[in-house]
Amino acid sequence: MATVSLQNVKKSFGATDVIHGIDVDIKDGEFIVIVGPSGCGKSTLLRMVAGLETISAGDILIGGTRANDKEPMDRDIAMVFQNYALYPHMSVRQNMGYGLKIAGLPKDQINAKVEDAARLLQLEPLLDRKPRQLSGGQRQRVAMGRAIVRQPAVFLFDEPLSNLDAKLRVQMRLEIRELQDKLGITSLYVTHDQVEAMTMADRMIVMNGGIAEQIGSPLEVYETPRSLFAAQFIGSPAMNVFDAEIAGGVVRMGTATIGPVSGPDGPVKLGLRPEHLVLDENGPLEASIQMSEPLGANTLLHGRLSPSGDVITISLSGVHTTGEKAAAMRFSIDPANIHLFDPDSGLRRTA
Amino acid sequence: MAQTHGMVEKRGVGIWLTHAFMILGVLVIFFPIWLAFVASTVTQPEIVRPPMPLWPGDQFWENYSAALFSGVNVPVATMLFNSLVMALGIAIGKIIISLLSAFAIVYFRFPGRHVFFWMIFITLMLPVEVRIVPTFEVVAGFGMLNSYGGLIFPLIASATATFLFRQFFLTIPDELAEAARVDGARPMRFFWDIVIPMSRTNIAALFVILFIYGWNQYLWPLLITTDPEMNTIVMGIKQMFPSGDDVAEWPVIMATSILAMIPPVIVVVSMQRLFVRGLVDSEK
């Protein structure tokens, strides 16, 4: 168990900078999810913590000591890989015990630890099988088990669920979270899936293009996204963003006005979450609906805003039919639920 | 019903035809070996008097024990042993060296890595025969004529095997090396615990090929073994042919040929089982 601290961590491959300075302090036992689109540097960041990539600048502290020049094995970490990276010729038992065997633990201790971990993960009946005889979910568990037996200070997960089917992913998500709660081991978890980030994280790091757009709890990021990128990346379906203008204490967009809002007059990016829009015959927003996706619990409406023609998505709870195609519907939104961003920097306007 | 019957009949004819062709092919290939075997079980006069016998005679033990324990220049048992040492030495040596060099080329970033790789690769283009004179000079200079070392070492470096292992190592996912690093395995530990067990099917297949390569070496042993005690069997058969007016002891020479075939057959048959099982067992 340990704190992890990244201090202005940078990474460049030759002349290309891929990580432009990340600062974060991770508390003991915290579950941090690093989320972002592919190529944003999230895996690289994790691998730098693991010691599999060198650190170009800045410091990584694990348990308060500088780990920059330590080998992975000396950092007291364990890692779960996307493709599990189980040794194909070893049984589950040997896979899980390999780290301990290298550490030179006596056989009976290794066995005891492996069996403890296997019990925790319900792997006991599988201990003598080879990885190829296991299903995807079971392999995933073995990879977890291999990380657990070493009782590391920090767990590192590199997109561990992306090779599983949707149902199993939900189940493993809960299991990983539950296990982490039980063991209380500081964890860094990389994913491109914002649902995983929302459901698992104590705090998440939203990364884009090698910088941390926002670091905060899932609800903080959802409710007060610090930038347009964070606003659109977190939340499903993604936030609608329109060009608008503040004039006289209200937001104007074409003929529609939403307000009151505070802030100086001038152009602004207006963000509206699909689930915050409500049907309202007298609402300011009019949209012609092209398509509806009834999901049961809620319905997604896809349409174009009149008169600008911008694409808009609306999520209404319950079942709705659009009637005929291109039907016009009106919507309103609580001014407390709108998000305003600076059109140049993309940063949130604080009201 | 009739159609089903027809299909079965048709397939039946197909099976008979393919089998007939296969049996014919086997007979064509097997016939010379059969003649050699027949010749090794009859007496010298029977062979030289036409027509040649087609069925084994009663001299099996006489001819084979003559070959094994006295031979023409040197007992065949000695030559078999020399060949075995040479073939095993070449096969095992080549495998060890190629495993290590492929491991170095794939997993370590050292200066000149590509240069070394291409140097090894280029030697693929040089057959033994091209460099045989300078190699002979070197081996003679080291005083290794008529020794096992002289038979084995010049043939032990193998670009083919290195290249093959390199290609295989490249298919091992990087994550395995990284997982091993996180688990605390130093490079040689990773090599020994992960890479070697994962390569076992390739090693088995290569062993078969290299053993036969070593066993069948002819020119090199012919050059450097002047002492009959160091002859290998493949060149030894040639040495048994008479020079000048001597009479060729065909039954003994044929018995030697048959004996020379047996060890490679044993290796192929036994290792084949191992590497077929390995192929079934293995997964990336």
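In chain A, six strands build an open sheet of mixed pairing in the order E6-E7-E8-E3-E9-E10; strands (E, at least two residues) and helices (H or I, at least four residues) are DSSP runs, numbered from the N terminus, and two strands pair if DSSP finds at least two bridges between them. The model is predicted, and local features need pLDDT of at least 70, side-chain atom pairs count only at pLDDT 80 or more, while totals for chains, interfaces and linings use all residues. Residues are numbered from 1 along each chain as its sequence is written, and chains are lettered from A and ligands numbered from 1 in the order in which they are written.

The edges of this sheet are strand E6 (77-80) and strand E10 (211-216) of chain A, each of which pairs on one side only. From one strand to the next, the twist averages 15°. Within the sheet, strand E7 (residues 154-158) and strand E8 (residues 186-191) of chain A run in the parallel sense and are paired over 5 bridges. Opposite A:Phe155 stands A:Ser187 in E8(A).

Chain A is assigned domain 1 (4-227) and domain 2 (240-341), with bounds that come from an automatic or database domain assignment. The centres of these two domains of chain A, taken over C-alpha atoms, are separated by 39 Å.

A second open sheet of chain A holds 5 strands, ordered E15-E19-E16-E17-E18, and its pairing is antiparallel. Strand E15 (278-279) and strand E18 (311-317) of chain A each have a single partner strand, so one side of each is left without a neighbour in the sheet. E15(A) pairs with strand E19 (residues 327-332) of chain A in the antiparallel sense over 2 bridges, and A:Val278 stands opposite A:Ser332 in E19(A).

A helix pair in chain A may be followed next. The axes of helix H2 (residues 92-102) and helix H3 (residues 107-120) of chain A come within 9 Å and cross at roughly 130°; axes are lines fitted to C-alpha atoms, for helices over the stretch in contact, and angles run from 0 to 180 degrees between N-to-C directions. H2(A) supplies A:Arg93, A:Met96, A:Gly97, A:Leu100 and A:Lys101 to the contact, and H3(A) supplies A:Ile110, A:Lys113, A:Val114 and A:Ala117; two residues are in contact if their C-beta atoms, placed from the backbone, lie within 7 Å. By class, this contact has 5 nonpolar, 1 polar and 3 charged residues, where Ala, Val, Leu, Ile, Met, Phe, Trp, Tyr, Cys and Pro count as nonpolar, Asp, Glu, Lys and Arg as charged, and the others, Gly among them, as polar.

Between the chains, 15 residues of chain B are in contact with 18 residues of chain A. On the chain B side, helix H9 (174-183) and helix H10 (187-198) are the elements that give two or more residues, and H9(B) gives the most, with 7 residues. The residues of that side divide into 8 nonpolar, 1 polar and 6 charged.

Chain B is itself divided into domain 1 (2-64) and domain 2 (73-281), whose centres, taken over C-alpha atoms, are 33 Å apart. Contact between them involves 11 residues of domain 1 and 8 residues of domain 2 of chain B. Helix H1 (2-39), helix H2 (44-48) and helix H3 (60-69) of chain B each supply at least two residues of the domain 1 side, and the largest share, 3 residues, comes from H1(B). That side of domain 1 of chain B has 6 nonpolar, 5 polar and no charged residues.
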